[in-house]
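Thank you for sending the coordinates for comment. My notes are set out below as numbered points, to be read with the structure open.

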Number of protein chains: 2
Amino acid sequence: MSDPWSLNAQLAADTHTLAALPLCDVRLMDNALYPWLILVPRITGAIEWIDLDTRDSHRLADEIAVVSHALRRTYSPEKLNIATLGNVVSQLHVHVVARFRNDMAWPGPVWGGDFSQPYPPALLSTCIASLRDAILSP
Amino acid sequence: MSDPWSLNAQLAADTHTLAALPLCDVRLMDNALYPWLILVPRITGAIEWIDLDTRDSHRLADEIAVVSHALRRTYSPEKLNIATLGNVVSQLHVHVVARFRNDMAWPGPVWGGDFSQPYPPALLSTCIASLRDAILSP
């Protein structure tokens, strides 16, 4: 019997619980500088996107679309950035980030920079509530 | 009648023609430091992944898988990095990059850094031939 899926400890430490979609847990990165969501497919052992079968690969694309629409409706960003890197944390996870022309890293990527600022508690509650609503009641 | 699709001039300048899949043109980034492919869906006006309808979104996921397998088979990388950013060039395009623990940017992202080295002509021909074969004869 294979081990049950569990969230990588580093991802858990860096993010907050937001919602569960059919394939993925949706988490909010604890960085108030960018609206930044992480999708983590609950598939034990998955590291690369190609570790998913075709059905789950398509579901991942669908769930990326769900959170993309939620970010767009909530924040009206200039651009959405979507990526799966995994050079540091190998458990398959996909970043979906709302980007703005006046954000700290524009037009560069948000990964690899030194720009991070944890959410103040009140703002965190508001963001989680808004995004959860946008994701679960599209 | 909508305009026919054409490749963005900056993408054309930065990359080499490699193959045409049912949805996307596949191009090789002219940077010998990383095996780095770009998928460009031939959909006029598409900027965000969510600009594609569900069928094309799933085809994009399928074609990301095709080039991911081709990169893995050709180079045996430590990790694949997949991203669509578009902060500089807005035409929808997806990066699929083979990453290694000893590459110039590891474990950071390849975007936003200063690491670039055009392919020497002989190496370029070899890479294009190998990757084209891996993509079109999987």
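The points that follow take up the relation between the chains, their interface, and some local features of the backbone.

1. Before anything else, please keep in mind that this is a predicted model, and that the points below should be read as a description of that model.

2. Turning to the extent of the interface, 32 residues of chain B are in contact with 32 residues of chain A. The two chains bury about 2700 Å² between them, and 60% of this lies on carbon and sulfur atoms. On the side of chain B, the residues that lose the most area to chain A are Ile50(B), Lys79(B) and Asn87(B), which together account for 26% of what that side buries.

3. As for polar interactions and the make-up of the contact surface, 16 residue pairs are in polar contact between chain B and chain A, counting pairs in which both residues are at pLDDT 80 or more. The elements α2 (54-75) and β4 (79-84) of chain B each supply at least two residues of the side that touches chain A, and α2(B) gives the most, with nine residues. By residue class, the side of chain B that touches chain A divides into 14 nonpolar, eleven polar and seven charged residues.

4. How many salt bridges cross the interface of chain B and chain A? The rule finds two there, while the count over all chains comes to twelve. In one of the pairs between the chains, Lys79(B) forms a salt bridge with Glu48(A), with the closest N and O atoms 2.8 Å apart. Lys79(B) lies in strand β4 of chain B, whereas Glu48(A) lies in the loop between β3 (36-41) and α2 (54-75) of chain A, so this pair joins two chains. The side chains of Lys79(A) and Glu48(B) also meet in a salt bridge, at 2.8 Å from N to O. A reader inspecting Lys79(B) may wish to recall that this residue is also among those of chain B that lose the most area to chain A.

5. Strand pairing also runs between the chains: β4 (residues 79-84) of chain A and β4(B) pair in the antiparallel sense over three bridges. Within this pairing, the bridge partner of Thr84(A) in β4(B) is Ile82(B).

6. A cis peptide bond joins Trp106(A) and Pro107(A), with omega about -5°, and Pro107(A) lies in the loop between β5 (94-99) and α3 (121-136) of chain A. In chain B, a cis peptide bond joins Trp106(B) and Pro107(B), again with omega about -5°, and Pro107(B) lies in the loop between β5 (94-99) and α3 (121-136) of that chain. Finally, Ser76(A), in the loop between α2 and β4 of chain A, has a phi near 45°, which is a positive value in a residue other than glycine.

How values were computed
Residues numbered from 1 in each chain as written. Chains lettered and ligands numbered in written order. Predicted model: local features only at pLDDT ≥ 70, side-chain atom pairs only at ≥ 80, totals over all residues. Heavy atoms only, no water. Contact = heavy atoms within 4.5 Å. Buried area = accessible area lost by both parts, 1.4 Å probe. Salt bridge = Lys/Arg side-chain N within 4 Å of Asp/Glu carboxyl O. Polar contact = N/O pair within 3.5 Å; in protein donor to acceptor, adjacent residues only side chain to side chain. Helix = DSSP H or I, 4+ residues; strand = E, 2+ residues; numbered from the N terminus. Nonpolar A, V, L, I, M, F, W, Y, C, P; charged D, E, K, R; others polar. Pairing = 2+ DSSP bridges.
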